[in-house]
2 protein chains.
Amino acid sequence: MALQFNLLNQTEAGGRRAQLILPHQTVETPVFMPVGTAGTVKAVAQDVLESLDAQIILGNTYHLYLRPGHEAIRRMGGLHRFISWPRALLTDSGGFQVFSLSQLRKVSDEGVRFRSHLDGSSHFFTPEHSMDVQIALGADIAMAFDECTEYPADRRRAEESLRLTMAWARRSLDHFRAHREEVPWYREKGCRAQHLFGIVQGGMYRDLRRESAERLVEMDFDGYAIGGLSVGEPRDLTLEMISEVLPLLPNDKPRYVMGVGYPDEIEQYARMGVDMMDCVLPTRAARHGLLFTSEGRINIKGKKYAEDQGPPDPACDCMVCRRYTRAYLRHLMQAGEALSGTLNSIHNLAYYLGIMKRVRSRLQTQD
Amino acid sequence: MALQFNLLNQTEAGGRRAQLILPHQTVETPVFMPVGTAGTVKAVAQDVLESLDAQIILGNTYHLYLRPGHEAIRRMGGLHRFISWPRALLTDSGGFQVFSLSQLRKVSDEGVRFRSHLDGSSHFFTPEHSMDVQIALGADIAMAFDECTEYPADRRRAEESLRLTMAWARRSLDHFRAHREEVPWYREKGCRAQHLFGIVQGGMYRDLRRESAERLVEMDFDGYAIGGLSVGEPRDLTLEMISEVLPLLPNDKPRYVMGVGYPDEIEQYARMGVDMMDCVLPTRAARHGLLFTSEGRINIKGKKYAEDQGPPDPACDCMVCRRYTRAYLRHLMQAGEALSGTLNSIHNLAYYLGIMKRVRSRLQTQD
């Protein structure tokens with residue numbers, strides 16, 4: 001079944017208000033997707049994510065493949081059931097983690113050999129294997145296996161990397177199409193299967209990005225991601241690449257910019273026509289005491305908050321801001337208490353999800 | 001104002017169903033009190049504690065005195081407001097931690113000099129100072145400053161220790177009575193103040209325990225605790241000491257056994273007439289993967305749970321058992337995820353609080 005993506009409104013600037021109808025959840029877009037690396041959005045329980053209106057969360061294929069293993073998750077009915085999350089899920093392809101986490105790796109046309117960061121054991125990932133793993137995990141959306149081109153990369157390197165990503169996209173798609181019905185919940189969901197997104201690469205070269213987008217569109221994926229951004233490049237370059245690619249992608253399919261970003265970035269990209277974004281920033285920053293607020297970023301570790309009895313963000317209505325003070329959050333951080341990461345993460349996620357909610361509301365009515 | 005303690009029913013065996021009317025909460029007893037060492041029940045948010053029907057939690061005077069400091073907490077309106085916990089609170093006297101955590105300490109009749117486990121700084125605690133700190137923290141119930149006699153202790157040592165505890169109890173009470181109106185919320189609560197409990201010591205010597213109880217009762221505290229138990233002695237000795245002391249305590253005041261215990265222990269003591277108990281066990285064990293269930297204790301790290309899709313405890317209706325599987329809890333533990341400590345702690349607290357709820361229900365109707 002083709003991915004249903006219902007455009008509700010589109011603005012002059014390109015921003016789209018839409019519904020993405022996935023097997024487990026109708027996702028209102030533009031959407032921010034919290035990252036649940038190892039089957040948990042770190043320190044935040046599933047019922048809290050639900051109360052925050054998180055509609056879709058990510059799982060990392062690399063992490064889940066290593067532990068507890070995709071075969072175990074398949075036997076238990078897939079990732080939704082394993083982590084008790086009935087709403088939508090998206091898995092990355094494992095490529096990004098293999099390239100960024102694993103010291104020992106060897107790339108060939110066939111795939112990537114790498115060593116586990118957990119126990120040093122040797123593994124080989126190919127596009128076909130990434131699809132098999134992602135089908136076993138059974139997220140609503142799977143991603144093509146790609147090489148995330150590092151930054152900076154010279155033209156030759158970016159071309160070579162793109163060649164690999166395009167060949168792997170083809171192989172990912174072919175294997176996925178042949179096996180998509182093997183997803184654990186296929187029958188249970190009335191013979192609906194997962195959806196596969198292609199990933200646009202090409203480094204910071206506009207023509208390579210164009211070439212990548214056009215070739216992927218020809219292959220006819222269910223949706224399109226723009227990868228290889230937020231890898232250290234200046235922000236105007238990120239924006240330039242997104243602006244270059246968006247017009248080339250079909251209007252009736254979802255567009256996903258991977259791994260972004262700061263609060264103002266996600267708002268800006270959503271207004272340009274990006275439908276989906278994910279980022280570890282709200283949760284990772286939270287664990288280091290960095291809170292995103294309507295008054296800017298604050299580092300809750302600061303001594304000036306020691307007796308600050310105001311809420312973390314006076315303009316925020318989240319369960320943390322309604323109940324706790326900056327002084328208390330600072331104390332939890334100073335004392336190394338587990339609740340610190342939890343409360344900070346809940347607020348930051350509420351802040352990110354709140355931004356997207358407001359953007360959706362404006363996109364709904366704007367011309 | 002005297003502490004209101006309304007006996008609703010008492011059984012032949014001594015078990016009491018009562019209401020303890022504290023400034024911040026009417027506590028239904030017998031009650032189990034989760035331990036919130038540094039102003040947080042580790043890894044569990046306050047709204048979750050409320051939904052678990054926790055009526056009263058502990059704060060540790062030693063920890064809060066060192067960080068963030070009792071004066072800061074006083075300036076912020078007391079511990080209830082600082083941690084955003086509107087229900088009842090109890091603080092220990094700091095004595096137990098000073099004796100158990102601090103390597104460098106020197107005891108005299110006047111008090112205890114010790115070094116902070118955080119930064120090695122030197123501090124001096126006297127009964128009067130413990131009262132001042134506890135009044136600044138402003139829990140509903142404060143505890144007299146005592147020496148927790150170690151186990152084993154020979155008779156001479158136990159006598160000497162008891163002599164100190166009794167002298168300190170007198171000084172605690174005198175100082176508390178002179179200053180109780182300084183609690184931060186005194187006016188806000190219609191000129192109600194905190195309540196002070198005395199602590200029965202005496203090692204494992206029945207006559208010393210009797211002497212201790214009788215002398216404390218003469219001093220007329222608001223309630224009585226039995227301390228110095230669960231310090232390594234065999235369980236029948238714990239029971240013997242409790243059985244010795246309970247009949248000597250006034251029937252119309254609450255009785256608190258400190259630092260116990262296993263699930264069957266808290267049930268047993270509640271049926272004998274103990275009204276209040278606290279223990280770190282449910283939360284500490286949880287962080288190490290030990291779950292208390294209707295089928296006994298299970299170590300969730302066990303490989304046999306790797307694909308166990310049953311709930312942690314099939315007979316439990318808590319939010320963890322309703323949603324998650326043993327396999328998922330095991331995975332969170334294996335992966336070192338913060339959510340592991342949170343979910344395990346929630347279940348164990350639900351289990352402990354559930355026991356006491358059932359005990360209360362039976363005590364309500366039994367003869």
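This is a predicted model: local features need pLDDT of at least 70, side-chain atom pairs count only at pLDDT 80 or more; totals for chains, interfaces and linings use all residues.

Chain B and chain A touch through 38 residues of chain B and 38 residues of chain A, and a search of the whole structure turns up three cavities of 30 Å³ or more. The largest pocket holds about 1000 Å³ of space, and the second largest pocket about 900 Å³.

**Where the chains meet**

- The size of an interface is often given as the accessible area lost when the parts come together.
- Here, about 3100 Å² is buried between chain B and chain A, and carbon and sulfur atoms give 49% of that.
- Between chain B and chain A there are 20 residue pairs in polar contact, counting pairs with both residues at pLDDT 80 or more.
- On the side of chain B that touches chain A, two or more residues come from each of α1 (46-51), α3 (70-75), α4 (79-83), α13 (326-334) and α14 (338-365) of chain B.
- With five residues, α13(B) gives the most to that side of chain B.
- Sorted by class, the residues on the side of chain B that touches chain A are 21 nonpolar, eight polar and nine charged.

**Salt bridges**

- Side chains of opposite charge can pair when their charged atoms come close.
- Over all chains, the search finds 59 salt bridges, and across the interface of chain B and chain A there are six.
- In one salt bridge, the side chain of B:Glu307 meets that of A:Arg75 at 2.5 Å, N to O.
- Another salt bridge joins the side chains of A:Lys42 and B:Glu337, at 2.6 Å from N to O.
- That pair crosses between chains: A:Lys42 sits in the loop between β4 (31-34) and α1 of chain A, while B:Glu337 sits in the loop between α13 and α14 of chain B.

**The largest cavity**

- Rolling a probe the size of a water molecule over the atoms shows where empty space is left.
- The largest cavity contains about 160 Å³ of space.
- Its lining is made of 17 residues, and those nearest the centre are A:Ala45, A:Val48, B:Ala45, B:Val48 and B:Thr342.
- Both chains take part, with α1 (46-51) and α14 (338-365) of chain A and α1 and α14 of chain B each giving two or more residues to the lining.
- The largest share, three residues, comes from α14(A).
- By class, the lining of the largest cavity has 13 nonpolar residues, two polar and two charged.

- The largest pocket, at about 1000 Å³, is lined by 46 residues, and closest to its centre are B:Phe96, B:Gln97, B:Ser230, B:Gly259 and B:Val280.
- At least two lining residues of the largest pocket come from each of α5 (95-101), α9 (235-245), β14 (276-279) and α11 (281-287) of chain B, and α5(B) gives the most, with six.
- That lining divides into 16 nonpolar, 17 polar and 13 charged residues.
- The second largest pocket has 39 lining residues, with A:Phe96, A:Gly259, A:Asp278, A:Cys279 and A:Val280 closest to its centre.
- For the second largest pocket, the elements that give two or more lining residues are α5 (95-101), α9 (235-245), β14 (276-279) and α11 (281-287) of chain A.
- The lining of the second largest pocket has 15 nonpolar, 15 polar and nine charged residues.

How values were computed
Residues are numbered from 1 along each chain as its sequence is written. Chains are lettered from A and ligands numbered from 1 in the order in which they are written. Side-chain values use heavy atoms; hydrogens and water are left out. Contact means heavy atoms within 4.5 Å. Buried area is the accessible area (1.4 Å probe) that two parts lose on being put together, summed over both. A salt bridge is a side-chain nitrogen of Lys or Arg within 4 Å of a carboxyl oxygen of Asp or Glu. A polar contact is a pair of N or O atoms within 3.5 Å; within protein, one must be able to donate a hydrogen and the other to accept it, and residues adjacent in sequence count only if both atoms are side-chain atoms. Helices (H or I, at least four residues) and strands (E, at least two) are DSSP runs, numbered from the N terminus. Ala, Val, Leu, Ile, Met, Phe, Trp, Tyr, Cys and Pro count as nonpolar, Asp, Glu, Lys and Arg as charged, and the others, Gly among them, as polar. On a 1 Å grid over the protein atoms alone, a cavity is a set of points where a 1.4 Å probe fits but cannot get out, and a pocket is an open set with protein on both sides within 12 Å along at least five of seven lines; lining residues have an atom within 4 Å of a point. Grid points are joined across faces, edges and corners, and a volume is the space filled by probe spheres set on the points.
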